[in-house]
Amino acid sequence: MKGYMLIGGEKVFKDREIEILFPYDNSVVGTIPDGDEKDAELAVGVALKGFEKMKELTAYDRYSILLKAARILANRSYEIAELLTKEVGKTIKESMGEVGRAVNTLTLSAEEAKRIAGEEVSFDAAPGIKGKVGFYRRVPIGVIGCITPFNFPLNLTCHKVGPALAAGNSVVIKPSENTSLVVIKLAEILIEAGFPPEAVNVVTGYGEKIGDAIVRDERVRMITFTGSVETGKIIMSRGGLKKYAMELGSNAGVYIDEDQHENLDVVAEKVCRGGFALAGQVCISVQRVFVHDSLFDKFIEKAVNFTGTLKVGNPIDESVDMGPVIDVRAADRIMEWIEEAASAGARIMCGGRRVADTVIEPTIVVDVPENVRLFTGEVFGPVIAVNRVSGVEEAIEKVNLSKYGLQAGIFTGDLKAAFKFADKVEAGGIMINEIPTFRVDQMPYGGMKESGIGREGPSFAIEEMTEIKTICFDVGL
Ligand code: NAP
């Protein structure tokens, strides 16, 4: 069937199409229209009408519709999960996990729709002011452009659209061109649940063309973006005067302290799972591991042993633990980064080979020089770089040796070390006795440094997606 965009609830087809491929074997999953500036312009115009229609809904209406959408999504879990696996290449277990989280994100957004509030302002706290009373309210900002990446197309779109609609805005969504089909299904569910069709629009195509057109449209009052730092910077330089929320990349670091001998089995497994989930294509994947010198060799042995138990292959097979990366270009780049590290003196302890066009074995590399891309960049592939450190002070220094700052983790039984790490590491989230990959959807989530601007998690996103209106009465008292 020909693919379509969704504008005002209408299916929009185009002659020019883009094929969506299953990353595991390049078979065609479906097509999407190759949209252009005119489609973006149309969608924003429709979303403006949608914003007017959203004003007719009460907070309770928005709550009820979001909750209904969450139920519809839950009822269609397996069908949606299969599509996720086909588009992203994540394992079916991971896809079921993402659908469950998306249901939760919509439910959390529904609950937050009831809690949007302002408070009284003490006008008479200024010298000479009497007889004035008033308050401020949080009001929706209008049309929000939601631009989303390929790795969690469903849940990360829910993190934008859920809070935006909960607060009474309308949206134009531009999903990754690799993973647009599941986002169209989500938009259809939101409309089926009761949102005005004009308030939920999805345009498809290439980011530099249709994404850029949304970003530059002055009628769009906010861009909420999740993706790479490079794209984030382009968007902020092109969009002009509007609000921005930026959820960008990272190369998360974790430290394993000297008192972890007894826990090493559990810690090694967690670290590997954090590095190899979704073939390492999670923004908070474990990438850089710093291990206390005294347990370095033991840690590597356990990590390598655990990694050997992971089954790599076709992600649709329920017994598979790790599937492919998104495309051949990504696999080429990841292999190049592994080779660069090896030629600079790093040692590959397991993996390091490509078993198919898009499938790379889970790879552990040790003694990685700090000037190679495996250390400085975001690998976004199934590779963990492990280096030795002498203690928590050095671990903090090394974790901070990064332009990114999304999340970090420490395994320690030492309260002082944990506090020091939490205090000094420059990241939006610090996980103690947990990997940096840990996230629940209600927590404030976002980065410091180049990892981003603003926080997601429905209650926090609603703050970003509303503006304050102050109302003052002269009551003549
Ligand atoms: P990406 O290449 O930056 O693309 C993200 C989105 O931006 C896609 O929809 C893309 O469209 C669009 N886009 C590209 N160029 C654009 C432009 N000039 N103007 C407007 N939109 C444009 O990222 P990705 O490869 O999909 O995702 C991986 C990145 O996302 C990693 O860096 C990862 O860390 C980050 N990420 C961050 C978080 C977080 O919460 N912090 C979560 C998940 C992922 P096309 O696909 O059509 O190019």
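From which domains does the lining of the largest pocket draw at least three residues each? In this predicted model, local features need pLDDT of at least 70 and side-chain atom pairs count only at pLDDT 80 or more, whereas totals for chains, interfaces and linings use all residues. Residues are numbered from 1 along each chain as its sequence is written, and side-chain values use heavy atoms, with hydrogens and water left out.

The lining of the largest pocket draws at least three residues from each of domain 1 (5-248 + 451-472) and domain 2 (253-441), with bounds that come from an automatic or database domain assignment. A pocket is here an open set of points on a 1 Å grid over the protein atoms alone, where a 1.4 Å probe fits, with protein on both sides within 12 Å along at least five of seven lines; lining residues have an atom within 4 Å of a point. The largest pocket holds about 1400 Å³ of space, volume being the space filled by probe spheres set on points joined across faces, edges and corners. Its lining comprises 46 residues, and Phe 150, Gly 227, Ser 228, Thr 231 and Arg 329 lie nearest the centre. Two or more lining residues come from each of α7 (207-216), β10 (220-226), α8 (229-238) and α11 (328-343); helices (H or I, at least four residues) and strands (E, at least two) are DSSP runs numbered from the N terminus.

In α11, the residues Ala 330, Ala 331, Ile 334, Met 335, Trp 337, Ile 338 and Ala 341 are buried (under 20% relative accessible area, 1.4 Å probe, protein chains only). Seen down the axis of α11, the buried residues fall within an arc of 155 degrees, and therefore line one face of the helix; the arc is that of the directions from the helix axis to the C-beta atoms. Arg 329 and Ser 343, on the other side of α11, are exposed (over 50%).

The second largest pocket has a volume of about 720 Å³. Among its 26 lining residues, Glu 94, Arg 273, Ala 277, Val 282 and Thr 437 are the closest to the centre. The second largest pocket lies between domain 1 and domain 2, because both give residues to its lining. The largest contribution to this lining is that of α4, with five residues.
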